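Subject: Structure for your review

Dear colleague,

Please find below the structure that I was asked to pass on to you.

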Amino acid sequence: MSSKIDLTFLKQLFPKNGNFLKTVFIIALILLGSISFYKTTSFFTVQADEMNGYFQDKDSIIEKTVFAYQSDKKEVKQLKEQFEILSLLKKPHLVTAKKYASFNYSFSIFLTLFLTITAILGFIIVKIGWDNVTSFYLKTAFLISFFFSSIFGILPKVLGNQDNIKNNLTKYNFYNGLQLDVYSLINDNKGYLERNTTQSLDSLNLEILAITQNIKENQDLYFDVYIDRVPKEIKPF
């Protein structure tokens, strides 16, 4: 016993003029580029998280040492508070730098990829002549590839990827350095607490004030965007 399947709906989806297929082709290329970029960025973010784990292990050891020191002196309490404040302040800088770095790697990879595709398709089209190219798919692939290569070439400059990575890592390292200063003071490497004299405690308080001043003067976040770097003219050749 045989059965017939009604395929009329397929004829409605795929009309003879092929407009539906062309639309699907355009959407598919754009989605492919967008999803691939998202996946690549996610991959580099995961790699950055793994590297960040080593920094966190180091910070954990220092933090345990700092808070394990028991003392009723107000200077020690202040140092512990400073250490905790610095931990909170440096995290956004590392997260921002990590995110920009992930985008930077993705931008570089996809810019290279789409520039290569654009160059190959452009060579074919130039050889044939734009008006002589009858393939809709060839022209569309070239234009979408050119679009992506332009986007991935422009965005890093507009978003200031290099500057944001550099500035945020610099700020992170600065706060990290201050934490090491606190770590050194709370371990009494200079003997202020051991001598426990008015003069030695005054010297310790001066160092604590210097750290506080550094915190006060360096609380700004780096998130620069350079809209003026958008090119006024974009030429394919």
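Predicted model: local features only at pLDDT ≥ 70, side-chain atom pairs only at ≥ 80, totals over all residues.

Residues are numbered from 1 along each chain as its sequence is written, and side-chain values use heavy atoms, with hydrogens and water left out.

Phe 20, Leu 21, Val 24 and Tyr 137 make a nonpolar surface patch of about 320 Å² (residues with over 30% relative accessible area and no salt bridge, nonpolar side chains being joined within 5 Å; a salt bridge is a side-chain nitrogen of Lys or Arg within 4 Å of a carboxyl oxygen of Asp or Glu; areas come from the Shrake-Rupley method with a 1.4 Å probe). Helix α2 (residues 19-68) gives the most to this patch, with three residues (helices are DSSP runs of H or I, at least four residues). Tyr 137 lies in helix α4 (residues 136-158).

The largest pocket holds about 360 Å³ of space (a pocket is an open set of points on a 1 Å grid where a 1.4 Å probe fits, with protein on both sides within 12 Å along at least five of seven lines; lining residues have an atom within 4 Å of a point). Among its 16 lining residues, Ala 48, Met 51, Lys 98, Ala 101 and Leu 169 are the closest to its centre.

The second largest pocket has about 310 Å³, and α3 gives the most to its lining, with eight residues.

Yours sincerely

Conventions:
Patch = residues over 30% accessible without salt bridge, like charges linked within 9 Å, V, L, I, M, F, W, Y side chains within 5 Å. Helix = DSSP H or I, 4+ residues; strand = E, 2+ residues; numbered from the N terminus. Points joined across faces, edges and corners; volume = space filled by probe spheres on them.
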